[in-house]
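Hi,

Here is the structure I promised to pass along.

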Amino acid sequence: MYLFHTEADRRAMLESIGAASMEEILHQQIPENARFDRTLDLPPAVSEMELQREVVRAAAENASAVSHVCFMGAGAYDHFVPAAVDAIASRGEFFTSYTPYQAEVSQGNLQAMFEYETLVTQLTGLDVSNASLYDGGSAAVEAVIMALSVGKGRKRVVTAATVHPEYRQILETYLHGLGCELVTAPLEADGTSSSVTELIDDQTACVLIQHPNFFGRLEEVAEISAAAHAAGALVVQVFDPISLGTLKRPGDLGADIAVAEGQCLGNPLAFGGPYLGVMACRNELVRRLPGRIAGQTVDRRGNRCWVLTLQTREQHIRREKATSNICSNQTLLALRATVYLSLLGPQGLQETAEHCYRKTRFAQQQIESLQRFSLPFTGPVFKEFVVKDHQGDVQGLMAAMLEQGYLAGIPLGTWYPELQDCYLMAVTERRTRAEIEAFGQALSNVPSSGVVAGA
Amino acid sequence: MYLFHTEADRRAMLESIGAASMEEILHQQIPENARFDRTLDLPPAVSEMELQREVVRAAAENASAVSHVCFMGAGAYDHFVPAAVDAIASRGEFFTSYTPYQAEVSQGNLQAMFEYETLVTQLTGLDVSNASLYDGGSAAVEAVIMALSVGKGRKRVVTAATVHPEYRQILETYLHGLGCELVTAPLEADGTSSSVTELIDDQTACVLIQHPNFFGRLEEVAEISAAAHAAGALVVQVFDPISLGTLKRPGDLGADIAVAEGQCLGNPLAFGGPYLGVMACRNELVRRLPGRIAGQTVDRRGNRCWVLTLQTREQHIRREKATSNICSNQTLLALRATVYLSLLGPQGLQETAEHCYRKTRFAQQQIESLQRFSLPFTGPVFKEFVVKDHQGDVQGLMAAMLEQGYLAGIPLGTWYPELQDCYLMAVTERRTRAEIEAFGQALSNVPSSGVVAGA
Amino acid sequence: QSTQLLFELSRSGRRAALLPDLDPEVAAAGEDLPAEHCAASPPPLPELAEGDVIRHFTNLSTLNMSVDTHFYPLGSCTMKYNPKRNERLAALPGLADVHPLQTDESLQGMLRLLYDLQNMLAEISGLPAVSLQPAAGAHGELTALMVAHAYFAKRGEDRPVVLTADSAHGTNPASAAMAGFETKAVKSNADGLVDLEDLRSKLNDRVAVFMLTNPNTLGLFDHQICEITAAVHEAGGLVYLDGANMNAILGLSRPGDFGADMMHYNPHKTFSGPHGGGGPGAGPICVRDFLEPFLPSPTIEHDAEQDRYRLQYDRPESIGRVRSFFGNTGVLLRAYFYIRSYGGEGLRQVSEDAVLGANYLLSKVKHILDVPHGERCMHEFVASASRLKKEQGTSAMDIAKRILDYGFHAPTVYFPLVVDEAVMIEPTETESKETLDAFAEALFRVTEEAGDLIHEAPHSTRISRPNDVAAARKPIVKWTEGD
Amino acid sequence: QSTQLLFELSRSGRRAALLPDLDPEVAAAGEDLPAEHCAASPPPLPELAEGDVIRHFTNLSTLNMSVDTHFYPLGSCTMKYNPKRNERLAALPGLADVHPLQTDESLQGMLRLLYDLQNMLAEISGLPAVSLQPAAGAHGELTALMVAHAYFAKRGEDRPVVLTADSAHGTNPASAAMAGFETKAVKSNADGLVDLEDLRSKLNDRVAVFMLTNPNTLGLFDHQICEITAAVHEAGGLVYLDGANMNAILGLSRPGDFGADMMHYNPHKTFSGPHGGGGPGAGPICVRDFLEPFLPSPTIEHDAEQDRYRLQYDRPESIGRVRSFFGNTGVLLRAYFYIRSYGGEGLRQVSEDAVLGANYLLSKVKHILDVPHGERCMHEFVASASRLKKEQGTSAMDIAKRILDYGFHAPTVYFPLVVDEAVMIEPTETESKETLDAFAEALFRVTEEAGDLIHEAPHSTRISRPNDVAAARKPIVKWTEGD
């Protein structure tokens, strides 16, 4: 334990307080029946040196995208993070500051937030962005709730089986208490949910779709948007920020609200969090946006500056009438995304997208050529795709590949019983031709028992 | 390659210069006979992502104090470096600034230097310190040169076989051109150089000793100092900063100049550098100190501040008459030492020394109990000691231990033919009882062939 | 340079991150994406060189106050020192580069740390069942309320009401609303504590949960706490503890022992995760045994026989999922590191020192400003500038702004709402007596000042008193060419 | 807080770093150290908590200008952007935590990188034999002069004299003196280049080495360079090139090709190692084949057959060792990373852009200050405030101090000595045209100013115009209680 006061400090402070002892103060504050009278049963305090030794050991027990070659995706990706991102985010002035309540001594955070918001609008082709939400999944749900709140009493939410299954699970959890109906378009044979338009009716508040979808396949967002808008519903699109290096932007496809998992923008995999919920929407919806928003203004001397704005939407002012209960945001991760996008620029984003696309296609070709596997969904994909194991031993295959040094993919059976013999894999710009070829080789060496020959 | 100008920038700049092309400028400057007319034959430019992949692979080929349990010392030690040291030293304002020529915008570096100098005087018990030198070895040599420069023409330098052999090698190299005589007291049976006093005569400018010495043994510095001073010679002591948590300080033992390798003070092993030459001396010698010195003064408004001072000693003013040719120093490493010592404080330093001492003794006991080995030198040691392999296969032993995950020690035969069958090992506070016991066990399992049974 | 926006620094064609050329065979793999899906050009992001980016953001950072640079006595936010060791350890590749959907077998070290954290949080709270999933305190509140909803649903009870204290954080009523409850506020009494009579009058079989903060937002430990929780339980309701102020009672008092049924932690406060300019946080919750079945999926289980850890997804009564993947692991790991660094006795000392520091500062501030509630406090206290405003025209906001010029971050002002011109001060246990003395001295000087010196403060910062009203009336929430 | 010294912040009993309790059996191992060797108490170091230490040094850091925060046109220092990737890679455990005395077998990755670096430095210089050992530029000079000494000794030639240019860095004559040589200065001619006649007059069979900097410290490439080196060679001497200005000629001109026999690099300048507040640097040297036997030990060799790298210590004619262990590996690795990031064409572009930037700034500055030597330059140029001083009383020092108020680091002033009131400006290739424009604009404004505004500048910094004379007259070089 590393404390900050000496016994002498404590005595001097007690004296100034006029208390005989710490016990006197505590006794006065906490009634006897609420006092805890033993020592917490926790592991003993350790020094930094011991803690490091232990934690290094625990960390070494985990496979990771550093120790293994990573082909896992499903919303969390092994993209390259330039060192400059870490260099900025590790500055104490950023990571040990708090919500910029005092604008005068928070211009660093506020300006970075404003830049982040602008970048998100540039990225999405939509009008406004907030300063971030928890993660992609809860951002998708917040977007649906936003749409419901402007839906003039409409209670129907339409989504599709090709939206990230975890996002849909969260949506179910949240909608449970709100008395809304959730209908889900099925997975079509081509890996899309093209029938989603058929579910839209005049009670539909919004349509939640993902493009590229959970399987990497492209959906017809423009068509879906047209149908939704015709029915008076809003469109929420889950997108992959990296894909926008090449694909049309949500705003340009007709989406009213776009949300994304921002992990791919310079944030580490970190076993799922903290991540970054990205959200942008059309201007008309701005006063329904959850979370913090930084806005531009001038100070008393006339200098341009930035402040938290539109706070009357927020819980600390409106309490139960707020647009959302969200208080903290993910500023540090949004900062990382801001630095990341500044480093990439349009050209870097385009090239990254191109790498992902081409390498994914190359990996598809490698795997297609193996007898054991096939690609169940036809048509173009971006960054990820589904592989079918004709021997039906996906778990054994993944375990065997782990032994060979690969994070090979994600079995789909848990979420899609019909895809019990399939797994999802992703290929980012980090993967090399040699790695992909070696991966194909390793896959071809896994016997159906799941044990690698000669291992 | 990451460049900073666009082609448009370049064109605009050329236009403003009034040059038709870059070639025009270069042609004007560099005569034809000095122009290089092909492209440098270097590996092609790589992106950050590729570079990282390659370098990570190269780094993984090396054993290190992270991948292996380190018992190596000999002037470079695996001490624990608190995370706070890295946090400070990685701040761009420290590591991308330069020598504080403009004091007004360098107070951070200057004050840190002044604090470093003060810490070194507190540590050594001497009056003044410079702002750092290259490393322990060259600091020892600079100290000898200082002593020669005030030695009124004395040309004899006395040292001992128990001083770091590499430091003595550097000394030989430097003294070569200066026409001085170097005499070395032999290694005694107890691992000290107690006969060094016998070599001191009235032509001796200085005595260079190390305490604790190269083998971890304690020398009688007070006696040597008395003898040297009686003969009108100065004493230069090489010390281990960590040892001063428990041992008497150089200044208190009579040393006139104390030098040390400061790597142990919060700096990484880094295959030998950059390291930190620590130097302190008595007041009378201050105008002979090599390197930068930060001093206190006031500014025009009367505020206390710090500047580089006593610059008239230095090469940029005195040129060939300077006390040394040294220009750059090791500010960043001195900063690390400053943070490290601030974190440790007197108590932390004392405990670190105690850990080193006790764990070394514990390791001695473990190894003594093995039949194959003995400890050739009797008497107390600090942090390191010599082990004799009765099977005389030190190289094989080290190789076998490397396989077992140990950086086991340093063969002594290269420097001391009489210790051909011996190696030096060090035990820092990082080593645990379990590691030391396992190390003893591993040692006992190495057959004389140097191949571990069952490996 | 730092006052220009990235977009204004942009020059067409500049680049920082470069990618390798695609291998020709890879480049030739398959056909192009269908043209109808492709944008004509990439998004109009700014174009900068790496040095521009670094200099821009490095300089921007220096416009922030932060714990690393300043005393930050922001009440209710627990801005304490963030140990650097935690950052180093959280960045280890075996922790930072782990994919969230890896198999349990490939995650044993990670799962062990998180499982141990579950146990630690249970021990500290006195509530045995833990979910690490919520991403923030407010998210924890919402999750717990959903758990309560599921619990009452299972019991067949219709309890649509959640009671909140009028001094509560705004997240309490907002979370209740999101969970589908009606909310009613319970008044504070003259001592700033729960008005027990008012509470009793509102308790009935329609009340699902009473949400309270204890120690409360005035920094007071409610001495009626056991009566309060008993009353709620008697009415068949559950007690939710907002754990925002746990830094005051570690090892001194446990919510589970004083009758809370559910609570969340703010590990970024209590266990010193850096606040990151507003986040990320995390909001793990602890609940009683009988609520455990309703916790979100997954939880971590330990097979003691085989000494293996696994993620448990098969939770039939669970409310479901509230977040994608596991949770805010990075923040949770820092909490684990923190707790391991202190142990049981250490944590008690942390809270004692937090209370000591607050009382020490209170003993000085009460000679400067009125402190309406309590001669003594827990980890924070709320002063009032009400009198000062009447007598001298100096408002809480003026104090907040002017104290910045003295090199201190401002206290929280205008919260809690139950105190007029509230100035809420939380020193934490990581600030030295000398720093507290210097702050009190500065506060005293501020109260002696008047006029523009106060009303136009701060004077030493790059900007001063931004026009919030204009910002909200005509929102400019992104850069546009020419702005 | 940052203006207090660590020692003033100290309070007895405070602690940051803690050690584990010693295992009782370990604690019981052996007897205590002999009392006569032990101090009565540990050294009187300051006592602080970790938070105090972090806040102190974080705030201290903000009192520095640096490349990460400001344009730093410090002539002759090549303050260019330090890529963050290099820091990340140098910190990899397999590089940063390697013990210097490990066996070759356990070091193959490290040795490969360093061996490749040797080859790269040889190719860039045109000089085939490399020693990575010297710890800094000046150390490289000294090492090379020792090599020259050994070379002439072997040949039985007595050559006790080293010639240096009068515009040379002070390290040149100082290094020569340390290597045991007498030094003589060669004059510059009116164009700021080597006075060839003066050189010829001083060349004889007593001259071992002529040390020169090319491009020189005026930023000029000496067009007589091949004549100069031929003259030295004719007299039986060697040419030493001070590589401080290599940033100007990468891939454009090679010292080995224009007649240098020995040179050092400043990788912290040319290859963008961060300057670290004054160090660490490194000073690898390259020499001709016939000087190779005399290079210090060890060097790195490659056994192509077995593809193994090893350290070669067995060098019978070597001058010996000039530094403990291998060298400033961390700095050398950053140079490797840098060179790999650019490749051959990239390095040439670096130098072209450095020259372009300097000429661009020169084209603006020459309308503001006199630039005595050359309408055009290489990577830097030297203006003179001589006329300004006479006419307006504004000295080079005034310009340096006042420009700080405009948010720029000062140029180098009063160096080289051959220009009166020298203002030496090196923009480097990593500063944008906009930055250079802003700097020129600021410089122009400074020259328009007068009076206290100039003579008492800077005004915006925490301190201004420290009293150097007092500092040197009564040196206070450490803190003492009560100071």
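Below is what turned up at the boundary between the two domains.

Please keep in mind that this is a predicted model. In chain A, the domain assignment gives domain 1 as 69-79 + 345-445 and domain 2 as 83-341. Taken over C-alpha atoms, the centres of domain 1 and domain 2 of chain A are 27 Å apart. Domain 1 of chain A brings 29 residues to the contact, and domain 2 of chain A brings 34 residues.

How much area do domain 1 and domain 2 of chain A bury between them? The figure is about 2300 Å², with 65% of it on carbon and sulfur atoms. On the domain 1 side, L349(A), F382(A) and Y416(A) account for 27% of the area buried against domain 2 of chain A, more than any other three residues.

There is polar detail here too. One salt bridge is found across the interface of domain 1 and domain 2 of chain A. The side chains of D240(A) and K383(A) form a salt bridge, at 2.9 Å from N to O. Between the two domains of chain A, nine residue pairs are in polar contact, both residues being at pLDDT 80 or more.

As for the side of domain 1 that touches domain 2, the elements giving two or more residues are α12 (331-368) and β12 (384-389) of chain A. Of these, α12(A) gives the most, with six residues. By class, that side of domain 1 of chain A has 18 nonpolar, seven polar and four charged residues.

Best wishes

Key:
Residues numbered from 1 in each chain as written. Chains lettered and ligands numbered in written order. Predicted model: local features only at pLDDT ≥ 70, side-chain atom pairs only at ≥ 80, totals over all residues. Heavy atoms only, no water. Domains from an automatic or database assignment. Contact = heavy atoms within 4.5 Å. Buried area = accessible area lost by both parts, 1.4 Å probe. Salt bridge = Lys/Arg side-chain N within 4 Å of Asp/Glu carboxyl O. Polar contact = N/O pair within 3.5 Å; in protein donor to acceptor, adjacent residues only side chain to side chain. Helix = DSSP H or I, 4+ residues; strand = E, 2+ residues; numbered from the N terminus. Nonpolar A, V, L, I, M, F, W, Y, C, P; charged D, E, K, R; others polar.
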